[in-house]
Amino acid sequence: MLHVPTTIEEQLILRAIKEECSWENLPKRLQSTLSSKDEWHRRITEHCIKKRLQWSSSFVRKVCREAEYYEDMMRYLRRNLALFPYHLADYVCRVMRISPFRYYCDMIFEVMKNEQPYDSIPNFSAADALRLTGIGRNEFIDIMNKCRSKKIMWKLNKSIAKESLPTHPVDFAIEPWWGVCLVNFTLEEFKKLSEEEGATIDKICKEEANAYILFDPVVIKGLYRRGLVYFDVPVYADDRFKVSRLEGFVSNREQSYEDPIEELLYAVFVVSSENSTVAELATTLQAELSQLQAAASFACRLGWAVKLIDPGSVLLDQTSNVLNDDEDGSLATGNTSLDPGLFQQDSLGPSSAYARVAFVVDANITSYLMMGSVSPGLKSHAVTLYEAGKLGYASIEDLCNDLSTLEGAKFEGELQEFANHAFSLRVVLKCLTSGGLSPDELDTPAVNSSNNEEVADMSLKQESDPAGSGPLANDSDTANGTTIDVEKVIQKKVRQYRVDILRCESLANLPPTTLESLFKRDYDIIVSMVPLPVSSFLPGPKGPVHFGPPSHSSMSPWMNLVLYSAVGCGPVSVVLMKGQCLRLLPAPLAGCEKALVWSWDGSTVAGLGSKFQGNLVKGNILLHCINSLLKHTAIFVQPFSRFDVNESGKLNTIDIPLPLKNSDGSFAGIEKEALGLELTTNELVKLNSILSNLADKLSLWTVGYISLLKLFKDGNKNVFAPDDDDVNYEWVPLCVEFGIPLFSPTLCNFICQRVVSSQLLQTDSFTENRDAMQELRRRLHETCCEYQSTGSSARMLYQRDQHQPKTQKGQLMTYASQRWSPLTEPSSPIAGTSDYQRLKLANRQRYHSEILSFDGNILRSYALTPAYEDETKLNEESGKTESDDVKDTGETMLPGVNLLFDGSELRPFDIGACLQARQPASLIAEASAMSAAIR
């Protein structure tokens, strides 16, 4: 665990150690804190030990001897069950003659002697010990059971556990490029060497190159088992490597001590890429190069990372293999040299033929995969994703194959939720790896060599004649009776996708600058799941294309308000500020049958607020639920009458996959069989009408879905009318979610089908996505700025108007705002509490600037005077920002004023009469004085 200096003294001491400041040159403040020179030397030694620094290159060389320093370090590591210091093996293994195998045997014995559980060994130490000793969790428990069975002998002599420990290291994988190093031999050991071993040792000493592949593996392994050689895993600044599956990882506790190398490992797992060198990774992570080299070396040692010896030659070999594998060599004359510009369209990598996609999920996916004991491969993938935070594209095909084994299986209870996520994950990965192409397009046979030649010739002629005036401009261009589309042929052969899975919790542990560099360097497209944690990092507008939430505000009820305001319709909604306490419910909440309650920032109180789509609560407990949530966060409440819920007491909703338009701009309507729902012709017309209106007013060219809600609209409802009479009902938008919902396989499948039919993942669609998401960010930003605590609406309500003429001395202002007077301003009574509150609110007379107020009995609409209207217009104009200036701060603003969406417009809502202890004492005194004067 990384220790961050918390006091000024600790920061000054750390700075003095880095500057190698002697005791005499220390500031008087530090000398008084440390009290003695010996204490200062002890602090230096302790700091260098915790940082695992080499004696010869650190400040500790000036305060203690080398042997003393490394002995103290090894005692510290054994006491904390820490990882073996492989980067210090030149002294620890060569001089001190402490091998990693003997180190871990002693560690396991200490744990057994103290009768500590196996989980007390940290993750990486347990994994390395398992690799060298073969003792894992089951073997540890078996040895402890054998020792405890001896009862009194075990209590008197704990050393009997050593009899069950191995005497030689087990066989493990050794890469050919690992280095073989010698220890300091004794005379007796040298005399016992065989001729082959002696010759091998002479070869190691004489030759500069000591790679394992240059020696006899049998001889080297024999020397290693006797502790006469040790292995070095060199990692240089210009090396590249990729992370593979974490085979052999042990999920124990994380370390409680400070170890910069172990802490870097988790970051390396997420940020590593075969396209980046170790030096570039160190720059991205803002870490020391030597520590990053040690972390990468350990990952390679355990087989969790694969070193790429020569990426250029590997790519060249792959290209030659493709050409040689062709049966008649026709590709050699066709597409042997593709234009590099084809790989640089939009945000593709500068020299990559693949579009890199990152699918961001949360930790729940790993827990669901761990539950599946049907396929043993799923557990390995889950451990890699949870611990490393990333599952590379090389493992995606194996993951899909393991997930396919669950098809047709039936589960019950919580296992069904696991199955839903597993089915959805496989569908999404298949869709992304195919590049959003249908199976028919993927299975299209490649054109023959003559077609390829003609395609290449056509493309060259089109480049030389862009105006289309050549002979090919009006020709259908057929070859062997088949019409050829140059762009489609090239796109099918070039546009390929590679998908990585990233865990958002691992990303959140990295600094924002590191994440921005990671996304820009390694990925062209980011796809997020639904729902994402509110603490997740979201790519900015200048980063890769993001098919997910455009900003953190879009993951809150602010998005609902923007959606309703843009379309001009939606359910009646009330926004209540944090910290209020209601004594009674205002209209239209009072008298509702049920209400949908959303917490603003995802806070949870007694089970309320946890669901990202709101909690449906009964109207008779709504007041208690609201007051419980308002202590912690602002809330968003939507009341519904008894006609709005179905027979089972739930709302009637339909989820429509996005995008609503096709790549050519045409509206994609829904059909009866499209969503697997039984809809009448009239309902289908209504749905397509509202979706068409929504697509025209709000561009949602992204991945996700929009939920539509069925609401009662006619006041002359006949209770005995048949249920299939949909004339009295209308469809309105409820919410919109950005990303892939893995919790619903059916909806996930519909979204993937919509991605294919709309050609969303094609290169010419990305510019439209950026523009649409930036426009949405702008709308969200303007709405948040207007209704936050320092926004224009809050200033209008909570500040006194200095320019308003005072017609009455001591005039009583409103209970809450002290800005406008409900006693003098013209008002229009709407209604009290009834089932038809929403209808009467929607049919009221409207004004350009107005405030809705509830006096405890009647809901009224107050039209603001022209002075207020002018100031409101000024505030609205000042709140507008350009699209390029909108930035996501990573935090969700809370509303600073109560709001009411009346079904078509969003207005400030005064509920002062409904609040407990809301009236200030000065206002009560003023009211008493006015009453006495009137009498």
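Six bridges join strand β16 (residues 653–658) to strand β17, and the two run antiparallel; two strands pair if DSSP finds at least two bridges between them. The model is predicted, so local features need pLDDT of at least 70 and side-chain atom pairs count only at pLDDT 80 or more, while totals for chains, interfaces and linings use all residues. Residues are numbered from 1 along each chain as its sequence is written, and side-chain values use heavy atoms, with hydrogens and water left out.

- Within β18, P733 is the bridge partner of L708.
- Strand β17 (residues 704–712) is largely enclosed by the rest of the structure, because 9 of its 9 residues are buried; buried means under 20% relative accessible area, exposed over 50%, and partly exposed in between (1.4 Å probe, protein chains only).
- Both faces of β17 are covered, with G704, I706, L708, K710 and F712 buried on one side and Y705, S707, L709 and L711 buried on the other.

**Helices α14 and α26**

- The axes of helix α14 (residues 278–285) and helix α26 (residues 512–522) come within 8 Å and cross at roughly 140°; axes are lines fitted to C-alpha atoms, for helices over the stretch in contact, and angles run from 0 to 180 degrees between N-to-C directions.
- L281, T284 and L285 of α14 meet T514, S517 and R521 of α26, where contact means heavy atoms within 4.5 Å.

**Residue V567**

- V567 lies in helix α27 (residues 558–567); helices (H or I, at least four residues) and strands (E, at least two) are DSSP runs, numbered from the N terminus.
- V567 is buried, with a relative accessible area of 4%.
- Leaving aside residues up to four places away in sequence, V567 touches N693, L694 and K697.
- The C-alpha atoms of V567 and N693 are separated by 7.1 Å, although the two residues are 126 residues apart along the chain.

**Whole protein**

- The protein contains 35 helices and 24 strands.
- Of its 935 residues, 49% count as buried.
- Among contacts with a separation of 6 or more, 73% are between residues 24 or more positions apart.
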